[in-house]
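Here is a short report on one protein model. Look at the overall fold, then at one pair of helices.

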Amino acid sequence: MKKFQKYRNKLIFDDGSQIFVTKEMIQKFTLQGKDSLSEEEYEELIRYRIRLSAYTWLSKRDYSAKELEMKLSRYCSQKQWILDLIEDLQDQEYLDDYHYAIQWIQAKKYGRSKMEYLLLQKGLSREIVKKALEETYESDSDEIVRVWNKLGEKAKEKKVMALLRKGYRYSEIKKALAEIEE
């Protein structure tokens, strides 16, 4: 049995853990007037809460599976429950790392190498990142020329350094500059 105290919209358990509950959850789990839950009721309540949180977060923006796992792990210590939920969300196509990678690449304007680094930092697999980059990036030349012109009248070295910081390869920068200077 898991004993708890109800304080406003929170259930505070004897072990110090707490969970935010909605009015719907209070009715669904008949929490009004209760001061304890069986292990089965507790598991069902926590699973319901993390599912509700995941839907709420996914309604606001896309997440990679790893990002969502990390975010949910702050609220639930049962890793297997989180992994089950993520698998279920992927089956329902609420989570799709490949689609997430494509959208992220299109929203950001970085060179291929920096984009690869950032996507790997977000927990995406190397295969998904490679496939998304191959589909999205044909040549950086047009983008390099656009950024080059946007940088205005700065010194050539400063422009090159700015492009390198954005993740463009030096060989691609040289190739694009050769096209500009022709």
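The protein has 10 helices and 4 strands. This is a predicted model. From the N terminus on, the order of elements is β-β-β-α-β-α-α-α-α-α-α-α-α-α.

Next comes the overall shape. The C-alpha trace spans about 80 × 30 × 25 Å along its principal axes. The radius of gyration is 24 Å, whereas a compact globule of 182 residues would have one near 16 Å. Of the 182 residues, 37% are buried. Now take the contacts with a separation of 6 or more: 54% of them join residues 24 or more positions apart.

Now turn to helix 9 and helix 10. How do they pack? The angle between them is about 135°, and their axes lie 10 Å apart. The crossing of the two helices is right-handed.

Which residues of each helix make the contact? The table lists them by helix.

| Helix | Residue range | Residues in the contact |
|---|---|---|
| Helix 9 | residues 156-165 | K156, V160, L163, L164 |
| Helix 10 | residues 170-181 | Y170, I173, L177, E181 |

K156 of helix 9 and E181 of helix 10 are among the residues of the contact.

How values were computed: Residues are numbered from 1 along each chain as its sequence is written. This is a predicted model: local features need pLDDT of at least 70, side-chain atom pairs count only at pLDDT 80 or more; totals for chains, interfaces and linings use all residues. Side-chain values use heavy atoms; hydrogens and water are left out. Axes are lines fitted to C-alpha atoms, for helices over the stretch in contact, and angles run from 0 to 180 degrees between N-to-C directions. A crossing is left-handed if the near helix is turned anticlockwise from the far one by less than a right angle, and right-handed if clockwise. Contact means heavy atoms within 4.5 Å. The radius of gyration is taken over C-alpha atoms; the globule rule is 2.2 Å times the number of residues to the power 0.38. Buried means under 20% relative accessible area, exposed over 50%, partly exposed in between (1.4 Å probe, protein chains only).
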